[in-house]
Amino acid sequence: MSYTVGDVIAERTIHLTRESLVRYAGASGDFNPIHYRDEIAASVGLPGVLAHGMLTMGLASSVVVAALGDSSKITDYGVRFTRPVVVDPDNGADVSVLAKVGAVDEQSVRIDLTVKHADTTVLVKAQLRVVL
């Protein structure tokens with residue numbers, strides 16, 4: 001497959017619920033109560049229960065992995081967290097991911113991710129490098 005800077009690799013919106021957070025907590029072992037208890041989140045000044053940062057990061061990369069298939073090999077992945085994903089107890093939260101080719105060289109492709117929740121960017125400098 002050939003890649004050109006600007007090509008959209010994938011675009012997807014993922015819906016998170018409080019159940020999603022509980023399942024992730026069980027899988028990751030991160031049982032910090034800011035991820036499931038409203039009163040604890042409020043007591044430390046947060047706007048509500050937050051999705052785990054690593055969950056958000058993992059969901060973003062999973063969109064690329066699903067689009068490229070099992071033959072792709074990610075050699076580098078980095079992000080900077082800028083805003084939390086607040087997960088409403090009734091309505092949950094939608095995280096949108098747009099993956100575009102940012103750079104291409106002889107050996108790899110850099111894929112730039114735009115990751116948003118409620119029209120706010122939650123990850124910046126989100127980039128994966130994939131071996132060709």
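Modeller: Helices (H or I, at least four residues) and strands (E, at least two) are DSSP runs, numbered from the N terminus. T56 lies in helix α3. This is a predicted model, where local features need pLDDT of at least 70, side-chain atom pairs count only at pLDDT 80 or more, and totals for chains, interfaces and linings use all residues. Residues are numbered from 1 along each chain as its sequence is written, and side-chain values use heavy atoms, with hydrogens and water left out.

Colleague: What span does α3 reach from its first C-alpha to its last?

Modeller: Expected span is 1.5 Å times one less than the number of residues. Helix α3 covers residues 53–68, 16 residues in total. It reaches 23 Å, close to the expected 22 Å. G69 follows α3, with a positive phi near 90°.

Colleague: Is T56 buried or exposed?

Modeller: Buried means under 20% relative accessible area, exposed over 50%, partly exposed in between (1.4 Å probe, protein chains only). T56 counts as buried because its relative accessible area is 4%. Other buried residues of α3 include L55, M57, L59 and V63.

Colleague: What covers the buried residues of α3?

Modeller: Contact means heavy atoms within 4.5 Å. The cover includes α1 (18–28) and the strands β1 (8–16), β2 (73–81), β3, β4 (108–117) and β5 (120–131). Leaving aside neighbours within four places in sequence, T56 touches A51, V85, V115, V122 and L123.

Colleague: Which residues does UniProt list for "domain: MaoC-like"?

Modeller: The unreviewed entry gives residues 8–100. Positions follow the numbering used here, feature names are shortened, and annotations may be inferred rather than shown by experiment. Over residues 8–100, the chain is 35% helix and 28% strand. The end C-alpha atoms of that stretch are 4 Å apart.
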